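Work through the exercises below with the model open. Each task is followed by its solution.

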Amino acid sequence: MKNQRRFIRFDTEDFINIRPLNNVNIVCGATSKNIGLVGVCFYAPQRWEKGELLLIDYFIIPQSALARLKTRVVWSELIDAQKGYLIGVEVLKIEENEEAFLKYYFQKVKETFLE
């Protein structure tokens with residue numbers, strides 16, 4: 001299978017909270033698998049449907065910051081009972097703390113390519 005990603009992704013294991021945009025009272029905790037400038041991949045205990053809009057609170061531990069991302073589900077597949085679903089989302093907008101999220105991403109670039 002050909003990798004069709006346009007941007008580099010970096011493996012992560014960060015804590016995130018997910019809320020569907022149509023019902024922000026529902027909150028699901030999850031763990032990120034990787035991040036990129038245009039997307040996030042994460043494990044979650046529940047399935048999110050392709051096209052669904054989600055708000056993701058992304059906890060950036062090194063900066064003691066939280067970035068809020070408005071995203072759209074691109075794909076979702078069940079991995080196993082322990083990990084749950086693996087979900088890929090496209091970042092539509094960084095609604096809060098854009099600087100912290102971009103700084104975190106570029107720190108990953110620096111660690112990978114410059115150190």
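Contact here means heavy atoms within 4.5 Å. This is a predicted model: local features need pLDDT of at least 70, side-chain atom pairs count only at pLDDT 80 or more, and totals for chains, interfaces and linings use all residues. Residues are numbered from 1 along each chain as its sequence is written, and side-chain values use heavy atoms, with hydrogens and water left out.

**Exercise 1.** Is asparagine 17 buried or exposed?

Solution. Find asparagine 17 in strand β2, residues 15-20. Apply the cut-offs: buried is under 20% relative accessible area, exposed over 50%, partly exposed in between (1.4 Å probe, protein chains only). Asparagine 17 is buried because its relative accessibility is 18%. Its contacts beyond four places in sequence include Leu55, Ile56 and Asp57. Now compare positions: asparagine 17 and arginine 68 are 51 residues apart in sequence, and their C-alpha atoms are 9.4 Å apart.

**Exercise 2.** Where is leucine 114, and why does it count as exposed?

Solution. Leucine 114 lies in the segment after α1 (98-113). Its relative accessible area is 67%, so leucine 114 is exposed.

Definitions and conventions. Helices (H or I, at least four residues) and strands (E, at least two) are DSSP runs, numbered from the N terminus.
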